[in-house]
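Reader: I am new to this structure and would like a close look at a single part of it. Please start there, and then connect that part to other places in the chain.

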Amino acid sequence: MGADRRQHSRGRRGTRAATLGCIAALLAGCASMPDSGDVNPVKASRQGDSQVRVYPVPPRDNAEPSEIVEGFLEAMTGDDPGFDTARKYLTKQAAQTWRPEEHTTVLSAAPVPRPDHGRQHDRSAPDEPQALLYPLTGQKIALVDARRAYQPLAPAAYNETIRLVQQRSADGKAKEWRIDGLPQGLVMGQSDFQRNYRSVNKYYFASGRDWVLADPVYIRKRQDPVTHMDSLTQSVKALLEGPTNWLEPVVDSRFPTGTELRKDVTSLTTDDRNTLKIPLNDKADNVGRDQCREMAAQILFTVADLASTKVQQVELLHSDGRSTLCVLGEDQRSDFVVDHATALRETPYFVDAEGRLAQLRPGAKEGADPRPVYGPFGNGQLQIEKAAVSRDEQRAAAVTQNGRSLRVASIVADGDLPEAIIDSKGAKPEQRLSAPSWDGRDDLWVADRNPAEPRLLIVPGGTGTPRPVTAPWLTSDVRVEELRVSKDGVRMALRLQRDGKTTLHIGRVERQGSGDGQKISVVDLQPIAPRMDSVTSMSWAGPSRLVVLGKLDGGVQQIRYLQTDGSAAAVIPGLNQVTAVAAANDERVPLVAATDDGIVRLQGGANWQPVTDKGSAPIYPG
C-alpha cells in the first residue's frame, strides 16, 4: 500500500520513509482488487474508511537526483493538502503546470524509476541547464479519469520519463536538483490506490423515466488534497458535476445546469435528526417542488452508504443557506426505484433433475424439497434448459428443445403450453438461443447465436412481437454465451466468446423514439474483467455490482464480486466445482450456485449450505 514505494527504497531512504499509522487497518484494507496468487477469504460487505495516513516529507538539502524522484513519487500517495509537499520536488514552473486531478494511472505495483545517468538531455542552447532523465516503468492496469470514472486495462507496459534540472537553492548558495518535466496526473501502485480511494455510487435518473440508477466513481477516502473536501462532500460535488462519460447518453440529472454547492462549502454533516442539509448556489433557487424532490432523491441515494451517521433525510437549501427548498426522507426512497409498485421477494429458482423450473423457498433449511412452479414449466410438459423469471415473479421465459425455442408462461397458475415466440435455426445447441433475461421495464431479452444470422432480440412486455436490437459488435465470429440486463434496463452484462476465449463486457442500452417505432441498440461495450482468463457465469448483484465465476490469467477458478466499472470488490471463498452462480439485487439475499454436487447457497455470515443434490441453472428474477 503506502509501502509499495518504500519496498524499493527502504535500504537507501529509511530515514525518509513516510510516517504510517494504524498498520492493522492498512492490512485490513488490502482485500480489494486482487491481481494474482492464492485465494484469500474476505468479507463481501462494504469496508469502512481506512484510518491510515501517509505524511510525505519535503526534499532534504543537497538531495541526490534519485532521492528527488523517489520522494516525489512517494509524496503523490500522501494526503498533503494541495499536494504542497509533492510540489516542493518540482521547479517553480513545473509546480504551476502539474495537474494531479487530471487523471490517476494505477499500476500493479509502485512505479519504479530506473536512474540512467548516461541519459542526459541534449542542450539545444549553451545556457540551457543540464538535465537528467529518469525512465519510469511499471505495469498499467487501470485509469481513473477527471470525472473519477475507473477503467480497467489489460496489463500493459507503463513507460514515462521524469526530467530533472539543477536550480539555485532558496539562499542562492547552492544548486538543488528538481523535477521540471513529468507526466500529468497521479501515478501509483494499486495498493496505494486502494488505501487512498473508495468506490461510490452516484445516482441519476434513467432518461425519460422516474427511477434512479447507479453510476460508480472513485473518490478520496479522506480529505481530497485538491478540493479540501471530505468524502461525503466529494460525493455530492461529484454528483452535481454530472454523470460519467460512458453513462451520460442514457441518464438525466434533475439538477439545473450549473448547480453547485454554495461557494466555500467543503464539509457537509448531519444534524441531531440525521438530516443532511445541502446549501446550493442560486442556479437551483427557482426549482419546483417535484423537481426538488427528485434532486434530493439523487443525493439521498448517493450518500446512503457514506455518512458515519445514517442519513434519514436530505434538506436542500436556497443559496442564502437558510431557507428550505425541499426535504426528502428515507421512507420516500421507494418512489424512485424501478419496482416501487411491487414488493419483490427475490426468490431463487433453478432447473431440477426432471427439467422443471423449481423454486427455492426462502428460509428453507438444509435438505428441504424445492417446489416446482405452477404451469407448463413446472408440470413436466417441457424439458426446461434455461430460464428467466420476470421481476414480479408472475411469469417465466424458458428455452427448450436444445436451445431452439423460447416460450413465456405463467408460473403462478396452471395453463396450456404456449406457442414459441422465437425459434432459432442454429445447427448446434450452442449456436441457438441464449438464456433470456428480463429488465425492470418488463421487457424480455435473448440472443440468437446462429452464426449465419446472429441476432440480439427484445420482446416488449414479454408477449409482443420480437424486435431486433442494433448491436454493431455482434458479428459472425462473436457468440453471446450469456446476457443479463440490469434492473433499470440501461445496462447489459455480456459474456462473449471470440477466438475460443470468453470475456466479460458491459454495454449501454440506448432507446430512441417510442412505441412501435422505437429503435433500441446496445452499444459502446466496455471490457470489465480484462485480467480474467475466462468467465464462466455472472449475475447482477446490486445496483452497480456483478457476481462473477471465472479465473484470473494463470489462476484458479473463483467467485468474486466485480463492480460494473471493472474494479474488483471481493473474493468469495469456500466452494469448488462450481458451474453457475446467481445473486439478487438485494445484497442481503443469499447467493445461489450450481456445483457438481447440486445446488448450494450462501447466507451472509454463514458457510455454503447444500439445498438439493441435483439441479442446474440457478437464477433470481431478472
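Author: Strand β10 (residues 275–279) and β11 run parallel, and 5 bridges join them; two strands are said to pair if DSSP finds at least two bridges between them. The names come from DSSP runs, with helices (H or I, at least four residues) and strands (E, at least two) numbered from the N terminus. This is a predicted model, in which local features need pLDDT of at least 70 and side-chain atom pairs count only at pLDDT 80 or more, while totals for chains, interfaces and linings use all residues. Residues are numbered from 1 along each chain as its sequence is written, and side-chain values use heavy atoms, with hydrogens and water left out.

Strands β11 and β12 form a hairpin with 6 residues between them, and in its turn G321 has a positive phi of about 80°.

Strand β26 (residues 501–512) pairs with β27 in the antiparallel sense over 7 bridges, and the bridge partner of I506 in β27 is Q526. This hairpin has 6 residues between its strands, and G513 takes a positive phi near 85°. Strand β27 spans residues 519–527 and includes S521. Because its relative accessibility is 13%, S521 counts as buried. Not counting residues up to four places away in sequence, S521 touches V469, T470, R508, V509 and E510, where contact means heavy atoms within 4.5 Å.

The loop that leads from β25 (491–498) to β26 holds D499, which has a positive phi of about 55° although it is not a glycine. With 75% relative accessibility, D499 counts as exposed. A positive phi, of about 75°, is also found at D442, which is not a glycine. D442 lies in the loop between β20 (437–438) and β21 (444–448), and its 28% relative accessibility makes it partly exposed.

Further along, K551 belongs to strand β29 (residues 545–552), and at 30% relative accessibility K551 counts as partly exposed. Leaving aside neighbours within four places in sequence, K551 is in contact with M532, D533, S534, V556 and Q557. K551 and R531 are 20 residues apart along the chain, and their C-alpha atoms are separated by 8.8 Å.

An open sheet of 4 strands has the order β15-β14-β13-β36, with antiparallel pairing. Its edge strands are β15 (371–372) and β36 (616–619), each of which pairs on one side only. Strand β13 (residues 349–351) runs antiparallel to β36, and 2 bridges join the two; Y349 stands opposite I619 in β36.

Helices deserve a look as well. Helix α3 (residues 65–75) has 10 of its 11 residues buried, so it is largely enclosed by the rest of the structure; among the buried residues are P65, I68, F72 and L73. The axes of helix α7 (residues 231–241) and helix α8 (residues 289–302) come within 10 Å and cross at roughly 135°, the axes being lines fitted to C-alpha atoms over the stretch in contact, with angles running from 0 to 180 degrees between N-to-C directions. Helices α7 and α8 are therefore oblique to each other, since angles under 35 degrees count as roughly parallel, over 145 as roughly antiparallel, 65 to 115 as roughly perpendicular and the rest as oblique. Where they meet, S235, V236 and L239 in α7 face Q298, I299 and T302 in α8 across contacts.

As for the whole chain, there are 8 helices and 36 strands, and buried residues make up 54% of the 622 residues. Of the contacts in the chain with a separation of 6 or more, 58% are between residues 24 or more positions apart.

Methods: Buried < 20%, exposed > 50% of the residue type's maximum accessible area, 1.4 Å probe, protein only.
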